[in-house]
Amino acid sequence: MKDQLSEQTKELRKQYARTFHNDGLLDFFVGWAIVSAGIYILTSLTIFSFAGWMPIFLIAPLKKRFVIPRFGYAKFSKPASIPRPILIGAGAVILVGTLLITFLGNLGSRAPIIVGLLGIALLAVLDKGFNRITVYAIFIPVFFVAGFGLNILTPGLVILTGGVLMALGIYLFVTFMQKYPLEAEKEDELL
Amino acid sequence: MTKEQTFDPREISGLDKVIHSPTRLKILMVLMSVEEADFTFMSRAADLTRGNLSANLTKLEEAGYIKIEKKFIERVPKTIASITPAGKKALEDYSSLLGPILDQLRK
């Protein structure tokens, strides 16, 4: 019975976490990262290799501004994942590997970007498990590999895919805003 | 005969009355699923009005099943609740007691 209760609370936690992250913000910014990658492939303008990642810092402030006041704040405890030291160790190995490839390898300037992004994706999977967020984390490096390294994706297709994700993000965001309207702060919070 | 096979109606008296209320049970289930949550989250997740939630949070806090703190999150004061070890144990005991009773009723 205790196990059943534990299973039920685990399911609830997953359900709350899914709803909390169903605001479209991540989808929008992942879409933008892919669009930027496409523009970079097309134009080789360095600015777009950074432009895709810079707005990632906006996710947390936007979440605090729009999501938390509507859906509320919760800290989602999670079942024990990979121990932190192992995660940090894996991160260090990836970082050193990326630096070695950058300075010692002769694979060209794109290789470190690809290795670095794949490393981030691997760490995300180790830490968060395999879910929509980590699928996105894998999605972006795959586009870099397919677009840059293998030249099997045209810039137009990359930009289009990113655009679709951005549109999905906007749709999810609008739906979230409608589903969870802002509630006025009331005194009854003060017990 | 094991405990699961015997239905003794007297066992129902042993159910924790603080938890036995559907509203408080919902709140505890929500708090069991997260580490901590604010008032808005609990109200959404348990589908309760703010007044109802407030009254029942007080009862749970008095029973020692939850801890309520005032925290500033992004400079906004928030009522943050979390389940205590006593609350977790009470919910597990409640579940262990009610489960076999329900199983017997289904047979």
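**Exercise 1.** In this predicted model, identify the bridge partner of A:Ala74 in strand 1 of chain B, then follow the pairing into chain B.

*Solution.* 
Step 1. A:Ala74 has B:Ala37 as its bridge partner.
Step 2. Consider the strands that hold this pair. Strand 1 of chain A pairs with strand 1 of chain B over two bridges, in the antiparallel sense.
Step 3. Move on within chain B. Strand 1 (residues 36-38) of chain B is joined to strand 3 of chain B by two bridges, again antiparallel. Here B:Ala37 stands opposite B:Ala81.
Step 4. One of the facing pairs is B:Ile73 and B:Val76.

**Exercise 2.** Describe the side of chain A that touches chain B: which elements supply at least two residues each, and how do its residues divide into nonpolar, polar and charged?

*Solution.* 
Step 1. Count the residues on both sides: the contact takes 20 from chain A and 28 from chain B.
Step 2. List the elements. On the chain A side, helix 1 (2-20), helix 4 and strand 1 (74-75) each supply at least two residues. Helix 1 of chain A gives the most, with six residues.
Step 3. Classify the residues of this side: nine are nonpolar, eight charged and three polar.

**Exercise 3.** Locate the largest nonpolar core and state which of its residues touch the most other members.

*Solution.* 
Step 1. The core has 29 residues, and those touching the most other members are B:Ile27, B:Leu28, B:Val30, B:Leu31, B:Ala37 and B:Met42.
Step 2. Assign elements. At least two residues each come from helix 4 (59-71) of chain A and, in chain B, from helix 2 (22-33), helix 3 (39-46), helix 4 (50-62), strand 3 (76-83) and helix 5 (85-106).
Step 3. Examine one member. Leaving aside neighbours within four places in sequence, B:Met42 is in contact with B:Ile27, B:Val30, B:Ala37, B:Leu53 and B:Ala81. B:Ala37 in this list is also the bridge partner of A:Ala74.

Notes:
Residues are numbered from 1 along each chain as its sequence is written. Chains are lettered from A and ligands numbered from 1 in the order in which they are written. This is a predicted model: local features need pLDDT of at least 70, side-chain atom pairs count only at pLDDT 80 or more; totals for chains, interfaces and linings use all residues. A nonpolar core is a set of buried Ala, Val, Leu, Ile, Met, Phe, Trp, Tyr and Cys residues joined through C-beta atoms within 7 Å. A residue is buried if 20 or more other C-beta atoms lie within 10 Å of its own, exposed if 12 or fewer, and partly exposed in between; C-beta atoms are placed from the backbone. Helices (H or I, at least four residues) and strands (E, at least two) are DSSP runs, numbered from the N terminus. Two residues are in contact if their C-beta atoms, placed from the backbone, lie within 7 Å. Two strands pair if DSSP finds at least two bridges between them. Ala, Val, Leu, Ile, Met, Phe, Trp, Tyr, Cys and Pro count as nonpolar, Asp, Glu, Lys and Arg as charged, and the others, Gly among them, as polar.
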